[in-house]
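Here is a briefing on one protein chain. Look over the fold first, then the individual sites.

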Amino acid sequence: MKILSIQSAVAFGHVGNSAAVFPLQRIGVEVLPVYTVNFSNHTGYGAWRGPMIDPSDVSEVIAGIEDRGVFPQIDVILSGYQGGEGIGDVIIDTVARVKAANPNALYACDPVMGNAKSGCFVAPAIPVLLRERVVPVADIITPNQFELGFLTDTEPDTIESTLASADLARAMGPSTIVVTSVERPDAEADTIEMMVVTDAGAWIVQTPRLPMKANGSGDVTAALFTAHFTRTGDAADALARTASSVFDLLTTTLESGERELQLVESQEFYANPRMQFTARQVR
């Protein structure tokens, strides 16, 4: 499998491609990383150094990959945080060109906009860009529950309302919706869930809630689910594998006392997930 991953990069820590690439490689995926920023660290620290990469330069890198005749071999285009509208244009154009070369290629978009605690933290134009132009050309999207609500102008807070919001998102274009950070009032205490909705049905997986916030965990989740699902077409298995791997990654990080994901230390959990969680069908 080959994945063209268009995301940010940091030298210290693990977000964007700096979070997604190694877990994918560890499960046997060939990754072609294209960087949209080259920062010293993620912006959650409040200070960072390094450049945003001009969309024209990002486009040039992708054109160079196309020149090598690789586009027909690409199985998935993966994108995450989009810092500006220009990058969105580059991604949309790349998706069209890759799919022209390989009609079976999929586009997986993590529509990063914010979360329930922080609200929307991207530029005002980004949610509009995602809703109107990017999501409609995606095959898979991996919003958190807050982002799903933002995309569909709804407030999902139960299994039923989250399913309804996911159906609205599917009507926009993508056939597969993975909803992370699902919270509902009737769930067991100190748990958190992920849901996947496809043509074949819907499944939810529940894990213990860990007392931490880890930048980059969503990037790992999007990457692993996309790879597993593309390989097998089994959404429930892909969800369970991803939840198992990411939970053990987060547990290892929590136990280390470090702020950044312990990505390398957790590598065995990607290659051989313990499968300690099962996906329950809800539709």
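Contact here means heavy atoms within 4.5 Å. By that criterion, among contacts between residues at least 6 apart in sequence, 67% join residues at least 24 apart. The model is predicted: local features need pLDDT of at least 70, side-chain atom pairs count only at pLDDT 80 or more, and totals for chains, interfaces and linings use all residues. Residues are numbered from 1 along each chain as its sequence is written, and side-chain values use heavy atoms, with hydrogens and water left out.

**Overall fold**

- The protein chain has 9 helices and 11 strands. These are DSSP runs numbered from the N terminus (helices: H or I, at least four residues; strands: E, at least two).
- The radius of gyration, taken over C-alpha atoms, is 17 Å, close to the 19 Å that the globule rule gives for 283 residues, so the chain is as compact as a globular protein of that length. The globule rule is 2.2 Å times the number of residues to the power 0.38.
- The C-alpha trace spans about 50 × 40 × 35 Å along its principal axes.

**Surface and charge**

- Of the 283 residues, 52% count as buried. Buried means under 20% relative accessible area, exposed means over 50%, and partly exposed is in between (1.4 Å probe, protein chains only).
- The chain exposes about 12100 Å², and carbon and sulfur atoms supply 50% of that area. Accessible areas come from the Shrake-Rupley method with a 1.4 Å probe; for residues, only the protein chains shown count as cover.
- There are 19 positive and 34 negative side chains. Lys and Arg count as positive, Asp and Glu as negative; His and the chain ends are not counted.
- The centres of the two charge sets lie 2 Å apart. Each charge is placed at NZ of Lys, CZ of Arg, CG of Asp or CD of Glu.

**Helix α1 and A19**

- Helix α1 covers residues 17-26; 7 of its 10 residues are buried, so the helix is largely enclosed by the rest of the structure.
- The buried residues of α1 are N17, S18, A19, A20, V21, P23 and L24.
- Their cover includes strands β1 (2-10), β2 (30-39) and β3 (76-79), along with helices α7 (217-232) and α9 (267-271).
- Just after α1, G28 takes a positive phi of about 90 degrees.
- A19 lies in this helix and is buried, at 0% relative accessible area.
- Leaving out residues up to four places away in sequence, A19 touches H14, G216, D219, V220 and L263.
- A19 and N144 are 125 residues apart along the chain, and their C-alpha atoms are separated by 17 Å.

**N102 in its loop**

- N102 sits in the loop between α3 (85-101) and β4 (106-109).
- N102 is buried, with a relative accessible area of 11%.
- A polar atom of the N102 side chain lies 2.9 Å from the backbone oxygen of I74.
- Beyond its neighbours within four places in sequence, N102 is in contact with F71, P72, I74 and D75.

- S181, a residue other than glycine, has a positive phi near 50 degrees. S181 is in strand β8 (residues 176-182) and counts as partly exposed at 35% relative accessibility.
- D190, also a residue other than glycine, has a positive phi near 60 degrees. D190 is in the loop between β8 and β9 (191-198). With a relative accessible area of 59%, D190 is exposed.

Technical notes. A polar contact is a pair of N or O atoms within 3.5 Å; within protein, one must be able to donate a hydrogen and the other to accept it, and residues adjacent in sequence count only if both atoms are side-chain atoms.
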